[in-house]
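Dear colleague,

Please find below the structure that I am handing over to you. My notes on what was found in it follow directly after.

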Amino acid sequence: MSVDTPILSEGGAGSPVADLIKDTTTQDFMRDVVEASREVPVLVDFWAPWCGPCRQLTPVLEKAVRAAKGAIRLVKLNIDEHPQIPGQMGVQSIPAVFAFQGGRPVDGFMGALPESRVNAFIARLIGETADQSADIEAAEAALAAGDVNTAAQAFGTILQSDAENAQAAAGLAKCYIKTGDLVRAEQTLALVPPTKADSAPVASARAALELARKAGEAGDVESLRAKLAADPNDVQARFDLALALNAKGDRQGALDELLTLVAKHRAWNDDAARKQLVQLFDAWGPSDPATVAGRQRLSSLLFA
């Protein structure tokens, strides 16, 4: 949609306003959000009729999207009627807003932010250049492939031109975490402006940092496997093994161990295994295949 052609008068289905702001369903989410975000950024507003803060936030989002005159769209999803998508994306509370760009979630926030912060969030999102978006995607791909040096250099280059880029700062922090430099990871996250401290990439990096600290206290994989072999009912050893496996990049192994604890020892240590799974999902990100699969398996256990 051209940014200079919409006529911002109220209208029915098919009108410019209806195109900019719409409700969606589980069935239409791919078309309305993922595919649409390849043209312009799309905000997804996860809400429910009983949520008071949602009723405060949604009009603010709608006003900001209309003011952007086609540079961004808003899609609203009632989580009571359509719980599958928010469940897969790790939505723990509402209101929750995710920004999609290029077919994937790139940013977001939780809670009813004031109008000034919503406007700043949208301005930052639509102001990002295509080249910068591509650079971030390339840096994240390098990090996912284990090429930490290339990723760190790319994130650092982005930060040199945009010191407030939360996604690049979060990516650089994860690079430091990968190398075991937790102090510099924390220092990097501390540089993120307060207005972006609640963004999804920063929350993911913070969760990864906390996991790295826990893994350092858990012990090494082989020792923990030996403890479990000697006593399969050693709950703490299984919990620590999950952390150690995640630190080694074995996400499937970490999921298996924690889901075993949820199935057999749900109440242990104040529901610690389920809470640890949620932190893993936060660190991996809502669109990561391990997060999607893990949430599905966890839901099957909890609601069987």
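**The largest cavity**

The largest cavity is lined by Gly108, Phe109, Leu113, Arg117, Ala120, Phe121, Arg124, Thr195, Lys196, Ala197, Asp198 and Ser199. A cavity here is a set of points, on a 1 Å grid over the protein atoms alone, where a 1.4 Å probe fits but cannot get out, and lining residues have an atom within 4 Å of a point. Please note that this is a predicted model, in which local features need pLDDT of at least 70 and side-chain atom pairs count only at pLDDT 80 or more, while totals for chains, interfaces and linings use all residues. Residues are numbered from 1 along each chain as its sequence is written, and side-chain values use heavy atoms, with hydrogens and water left out.

The structure holds one cavity of 30 Å³ or more. About 70 Å³ of space lies in the largest cavity, a volume being the space filled by probe spheres set on the grid points, which are joined across faces, edges and corners. Its lining residues comprise five nonpolar, three polar and four charged; Ala, Val, Leu, Ile, Met, Phe, Trp, Tyr, Cys and Pro count as nonpolar, Asp, Glu, Lys and Arg as charged, and the others, Gly among them, as polar.

Two elements, β5 (104-110) and α5 (115-127), each supply at least two residues of this lining. The most comes from α5, with four residues. Helices (H or I, at least four residues) and strands (E, at least two) are DSSP runs, numbered from the N terminus.

**Asp107 and strand β5**

Asp107 lies in strand β5. Asp107 counts as buried because its relative accessibility is 9%, where buried means under 20% relative accessible area, exposed over 50%, and partly exposed in between (1.4 Å probe, protein chains only). Leaving aside residues up to four places away in sequence, Asp107 touches Val97, Phe98, Ala99, Phe121, Arg124, Ser199, Ala200 and Pro201; contact means heavy atoms within 4.5 Å. Strand β5 as a whole is mostly covered, with five of its seven residues buried.

β4 and β5 run antiparallel and are joined by six bridges; two strands pair if DSSP finds at least two bridges between them. In this pairing, Phe100 stands opposite Pro105, and Gln101 stands opposite Arg104. The hairpin of β4 and β5 has two residues between the strands, and Gly102 there takes a positive phi near 65°.

β4 also runs antiparallel to strand β2 (residues 42-47), with five bridges joining the two. Here Phe46 stands opposite Ala96 in β4.

**Strand β3**

Strand β3 (residues 73-78) is largely enclosed by the rest of the structure, because six of its six residues are buried. Both of its faces are covered: Arg73, Val75 and Leu77 lie on one side, and Leu74, Lys76 and Asn78 on the other.

**Helix α8**

Helix α8 (residues 166-178) has 13 residues and reaches 18 Å from its first C-alpha to its last, close to the 18 Å expected at 1.5 Å a residue; the expected span is 1.5 Å times one less than the number of residues. Because 11 of the 13 residues of α8 are buried, the helix is largely enclosed by the rest of the structure. Among these buried residues are Gln167, Leu172, Cys175, Tyr176 and Ile177.

**Backbone points to inspect**

Most residues other than glycine have a negative phi, and most peptide bonds are trans. A cis peptide bond joins Ile94 and Pro95, with omega about 0°. Pro95 lies in the loop between α4 (84-88) and β4. The C-alpha atoms of Pro95 and Asp107, 12 residues apart along the chain, are separated by 15 Å.

Asn269, in the loop between α13 (251-264) and α14 (272-284), has a positive phi near 50°. Asp270 lies in the loop between α13 and α14, and its phi is near 60°, also positive. Asp270 is exposed, with a relative accessible area of 57%.

With kind regards

Key
1 Å grid on protein atoms, 1.4 Å probe; cavity = no way out; pocket = protein on both sides within 12 Å on 5 of 7 lines; lining within 4 Å.
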